[in-house]
Amino acid sequence: MIYHKSIAVLPFDNISSDPENEYFSDGMTEELINALSKVEGLKVTARTSSFAFKNKKEDVRIIGNELGVATVLEGSIRKSGEKIRITAQLTRTDNGFHIWSENYDRQLHDIFHLQDEISLLIADKIRENFGHMVIEDQLVDAPTENIEAYELYLKGKYYLNQFNPDDIKKGISLLEESTKLQSDFALAHVNIHYGFNMLAAGGLMPVKQALDIGKSHLDRAIEIGYNLPEYYHSLGWHRLNEDWDFADASFNLLKAIELRPGYADAHQKLFINWVLQGKFEEAKGHIDLAYQLDPLSALNNYFYSYYYYLTEQFQECKTHFEKTFEINPTFLVGYSIYALALVNQKNEQKIFDVADIIPEVNGAVVERQIMYALAYSSLGDQPKTQECMVQLENMLQGESGERVRFFLIYIEVLSGNLEAALVHIEEGVANHEPLMTLLKVDPLLKPLRSESKFQDIIKKVFAKSDDIKQSTPSTVPAIDSEEVSRIVSLLDQLMSNERMYLESDLSLRHLAEAVHIHPNKLSWILNDQMGKNFNEFVNEFRLHEFQQKAVDPANKHLTLLGLAYESGFRSKSVFNDFFKKNTGLTPKAWLKDQG
């Protein structure tokens with residue numbers, strides 16, 4: 001499904017002489033995605049899915065269909081010392097028409113102003129072509145005054161986005177260097193916190209150590225006091241992971257979405273927050289939104305798989321797990337959860353098959369051993385199960401100890417040892433391990449639900465449950481009917497008498513200045529009150545102008561395209577498409593009918 005007001009910002013090509021500048025072009029792409037995601041009503045493909053097309057020269061029509069977007073922004077970046085050159089172009093995915101293109105030559109210290117300038121211009125072009133949206137006057141705030149710190153921040157984010165233990169740790173190290181250069185760099189502190197949360201949630205580092213270090217950086221971001229969507233996202237994630245405060249987690253995640261409506265990661269975390277409580281309907285709505293924004297994300301496909309596992313929809317579960325590992329074979333945290341789903345389907349042989357193809361990366365040995373143990377315990381092979389468990393229990397003191405303990409719960413339940421499973425749960429809860437929040441809704445743990453001790457533990461984990469409902473804010477500007485009539489009359493005067501439509505570079509913002517109202521209000525009047533977007537409104541006047549010129553004998557020496565340009569149209573394809581859409585004929589056929 002294609003959403004009309006939508007865009008995918010594809011990774012800008014690094015055409016610098018130094019290939020090491022890849023982090024900068026990637027970072028600039030992500031910053032533009034984040035800025036455009038603040039525009040309510042605009043669907044912006046999230047980073048992961050956009051970057052699936054990195055270094056691929058795919059037809060924009062194919063990209064549009066795969067991502068469900070009407071426009072694509074492409075470009076390149078050349079960085080040389082303190083100088084940068086950015087080339088960008090916006091293209092429709094239905095017909096490949098270039099809506100806009102521009103080159104920018106700037107100094108590095110102007111980077112934030114340039115990000116804002118490009119983001120606002122792109123949002124305006126989409127609004128002019130596809131309909132009303134409320135666009136803030138500024139989409140990018142400078143996150144730091146120290147450009148060197150900002151470059152380290154971009155490098156750190158680059159490695160965090162690789163989503164494997166070694167790169168996450170490298171990303172954290174670079175972000176820490178960034179904060180040493182500028183201690184009040186709030187975004188860097190927020191991302192350090194997020195990196196440690198990734199390690200903790202995946203069982204890739206001792207939980208308390210990871211969360212304590214991460215929390216110190218989140219506290220520092222709070223002290224700095226920026227109203228950042230990333231801050232509320234990380235605070236919500238912290239409230240869920242460490243505090244098990246589901247209500248406050250929702251409050252902060254919804255605040256992040258208020259500041260950035262297209263925040264795929266925040267929708268993703270709200271899904272987790274609600275699905276763990278058994279609120280499947282609310283959870284499904286948010287994973288649907290996260291998936292629409294980021295369909296090629298391994299994490300979103302993994303969470304879809306998890307939802308379908310919990311609700312025991314086996315085919316959908318299998319489809320999304322397979323897509324998860326197709327996108328990212330090193331997505332280690334997904335393999336053992338897939339094994340749980342396969343146990344629930346009594347497909348133990350598939351567990352062995354999947355375990356044997358896990359890539360040899362850090363953590364693979366642990367993951368493979370967990371999967372073998374799950375399969376053997378499900379088959380009732382006690383000697384093999386015991387052999388695996390001895391090895392797993394030796395891993396309890398290691399870096400992945402919390403993850404091992406979590407899966408020992410399942411192995412004991414499958415083996416019929418409920419008391420042993422409860423001992424592991426009590427230890428996990430006593431240590432406040434995040435994976436313990438997964439126990440309430442898991443279908444494989446049904447045998448535990450009749451145990452009073454288990455019920456008491458679950459009540460403790462979910463003591464701060466969530467009953468917050470999401471509301472949809474209104475985007476209609478405050479403007480009364482008399483004001484609407486006045487503006488409509490003024491628009492007619494500017495077009496009919498002053499013929500502003502003849503300005504080929506006329507924009508919605510320019511027209512809004514002429515009628516002395518905010519562009520958001522003019523967009524709303526055109527779309528909601530007059531039933532047409534900006535381009536349709538202006539091109540109707542241009543079409544009428546062309547028709548008058550075309551039948552005038554004095555213009556017989558001019559070509560039809562020349563007359564179209566004189567009438568204000570900017571390109572041959574726009575003119576021909578609009579003409580046929582409104583008359584049902586080509587310009588030449590229409591003129592012939594005029595006799």
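These are my notebook entries on a predicted model of a single chain.

**Entry 1: the whole chain**

I started with the overall picture. The chain has 595 residues, and 56% of them count as buried. I get 28 helices and 6 strands. Along the principal axes, the C-alpha atoms fill a box of roughly 100 × 50 × 50 Å. For the accessible surface I have about 25100 Å², with carbon and sulfur atoms holding 48% of that. I also looked at contacts between residues at least 6 apart in sequence, and 64% of these join residues at least 24 apart.

**Entry 2**

Next I went to helix packing. Two packed helices are described by the angle between their axes and the distance between the axes.

I then listed who meets whom. On the α9 side I have His233, Trp237 and Leu240, and they face Asp265, Ala266, Lys269, Ile272 and Asn273 of α11. By class, this contact divides into 4 nonpolar, 2 polar and 2 charged residues.

**Entry 3: α13 against α14**

Which hand does the crossing have? I noted it as left-handed.

From α13, the contact takes in Ala298, Asn301, Tyr302, Tyr304, Ser305, Tyr308 and Tyr309. From α14, I wrote down Glu316, Cys317, His320, Phe321, Lys323, Thr324 and Ile327. Sorted by class, the contact of α13 with α14 has 8 nonpolar, 4 polar and 2 charged residues.

**Entry 4: Ser119**

I picked out Ser119, which is found in helix α4, residues 111–130. Is Ser119 buried or exposed? Its relative accessibility is 0%, so I have it down as buried. Leaving out residues up to four places away in sequence, I looked for what it touches: Leu32, Ala35, Leu36, Leu139 and Val140.

**Entry 5: Lys580**

Then I moved to helix α27, residues 572–583, where Lys580 is found. Lys580 has a relative accessible area of 48%, so I noted it as partly exposed. I also checked its spacing to Trp590: 10 residues apart in sequence, and 9.2 Å apart in space from C-alpha to C-alpha.

**Entry 6: two positive phi angles**

Last, I looked up backbone angles in two loops. Asn55 is not a glycine, yet I find a positive phi of about 65° there. Where does Asn55 lie? I place it in the loop between α2 (47–51) and α3 (60–67). Asn55 has 65% relative accessibility, so it goes down as exposed.

His516 went on the list as well, with a positive phi of about 60° although it is not a glycine. I found His516 in the loop between α23 (508–515) and α24 (519–529). Its relative accessible area is 69%, so His516 is exposed.

Technical notes. Residues are numbered from 1 along each chain as its sequence is written. This is a predicted model: local features need pLDDT of at least 70, side-chain atom pairs count only at pLDDT 80 or more; totals for chains, interfaces and linings use all residues. Side-chain values use heavy atoms; hydrogens and water are left out. Contact means heavy atoms within 4.5 Å. Helices (H or I, at least four residues) and strands (E, at least two) are DSSP runs, numbered from the N terminus. Ala, Val, Leu, Ile, Met, Phe, Trp, Tyr, Cys and Pro count as nonpolar, Asp, Glu, Lys and Arg as charged, and the others, Gly among them, as polar. Buried means under 20% relative accessible area, exposed over 50%, partly exposed in between (1.4 Å probe, protein chains only). Accessible areas come from the Shrake-Rupley method with a 1.4 Å probe; for residues, only the protein chains shown count as cover. A crossing is left-handed if the near helix is turned anticlockwise from the far one by less than a right angle, and right-handed if clockwise.
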